[in-house]
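User: I would like to learn how to read a structure like this one. Can we work through it feature by feature?

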Amino acid sequence: APEGLVLIAQAQSAGRGRRGHSFFSPPGGLYLSILLRPAFSTRQSPQITALAAVAAARAAEQLCGTPIQIKWVNDLWKNGKKVCGILTEAAVDLESGMLDYAVLGLGFNLVQPSGGWPKELAAVAGSLFDSAPAPGARAALAAAFLNEFWALYHTGLRGSWLDDYRRRQALTGQRVLVTPRRGTPRAAQVQGIDDECKLVVRFDGESRPAALNSGEVSVRLL
């Protein structure tokens with residue numbers, strides 16, 4: 001299929017997030033996937049997710065009128081609650097090191113599910129609207145996101161969107177717990193985002209900052 005194919009679902013039976021986690025996807029949300037064929041290397045691929053997060057935050061603000069923050073690397077927050085998750089999965093040409101294709105997936109919580117959030121999500125999940133949105137809100141959100149995303153995507157990875165990504169960061173200045181795929185979790189202070197969208201932190205007891213790759217660690221607020 002050509003780049004730009006978009007698939008939209010009203011619910012997902014087996015939604016998933018980073019590191020194999022499940023992604024709760026009940027009716028009432030917006031679940032959207034885009035096929036991309038970017039001329040990016042695997043090293044640059046995390047920036048696709050960051051770029052999409054900026055587009056999603058701008059689109060969500062247009063609809064709900066409330067400021068939207070980004071929790072590195074792929075969550076959108078409204079009033080401290082997660083309202084959107086983003087996952088990029090890709091196939092790689094091993095000879096060239098370039099991406100063969102990428103699928104960018106987003107899940108927006110428009111409203112709270114009719115039966116409420118599952119117990120394990122009640123403290124962290126939120127929604128863009130506090131009550132039923134106006135008719136057509138789901139389609140309007142999809143259109144707003146796609147308009148924002150393609151405009152940024154075609155500017156390339158060094159576009160001005162990176163400044164917006166930094167400005168919206170919910171973790172900058174915060175104390176966090178960094179958990180690697182293998183190893184012991186460590187506490188750190190977040191200092192910001194570098195030009196490759198890595199999270200810059202200073203671990204407790206260390207004098208020099210470190211840049212974290214989203215594929216290797218998970219981060220949560222302390």
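User: What covers the buried residues of helix 2?

Analyst: A note before that: this model is predicted. For helix 2, the cover includes strand 1 (6–9), strand 2 (30–36), helix 1, strand 6 (99–108) and helix 3 (161–167).

User: Which residues of helix 2 are buried?

Analyst: They are Ala137, Leu141, Ala142, Ala144, Phe145, Leu146, Glu148, Phe149, Trp150, Leu152 and Tyr153. Helix 2 itself runs over residues 137–153. Its 17 residues reach 24 Å from the first C-alpha to the last, close to the 24 Å expected.

User: What should I look for in a core, and which residues have the most contacts inside the largest one here?

Analyst: The general idea is that nonpolar side chains tend to be buried together in soluble globular proteins. In this model, the largest nonpolar core has 59 residues. Those with the most contacts inside it are Trp72, Leu76, Phe145, Phe149 and Tyr165. Helix 1 (residues 46–64) gives the most to this core, with twelve residues.

User: Take Tyr165. What does Tyr165 touch beyond four places away in sequence?

Analyst: Setting aside those sequence neighbours, Tyr165 touches Ala50, Ala53, Val54, Ile70, Trp72, Val73, Ile193 and Cys197.

User: Step back to the whole chain. How many helices and strands does the chain have?

Analyst: There are three helices and eleven strands. Their order along the sequence is β-β-α-β-β-β-β-α-α-β-β-β-β-β.

User: How does the radius of gyration of the chain stand against that of a compact globule?

Analyst: For 222 residues, a compact globule would have a radius of gyration near 17 Å. The chain has 17 Å, so the two agree. Along its principal axes, the C-alpha trace spans about 55 × 40 × 30 Å.

User: What share of the residues counts as buried, and what does the surface look like?

Analyst: Of the 222 residues, 45% count as buried. The chain exposes about 11200 Å², and carbon and sulfur atoms supply 50% of that.

Note on methods: Residues numbered from 1 in each chain as written. Predicted model: local features only at pLDDT ≥ 70, side-chain atom pairs only at ≥ 80, totals over all residues. Heavy atoms only, no water. Core = buried A, V, L, I, M, F, W, Y, C linked by side-chain atoms within 4.5 Å. Buried < 20%, exposed > 50% of the residue type's maximum accessible area, 1.4 Å probe, protein only. Helix = DSSP H or I, 4+ residues; strand = E, 2+ residues; numbered from the N terminus. Contact = heavy atoms within 4.5 Å. Rg over C-alpha atoms; globule rule 2.2 N^0.38 Å. Areas by Shrake-Rupley, 256 points an atom, 1.4 Å probe, with all protein chains shown as cover. Expected span 1.5 Å × (residues − 1).
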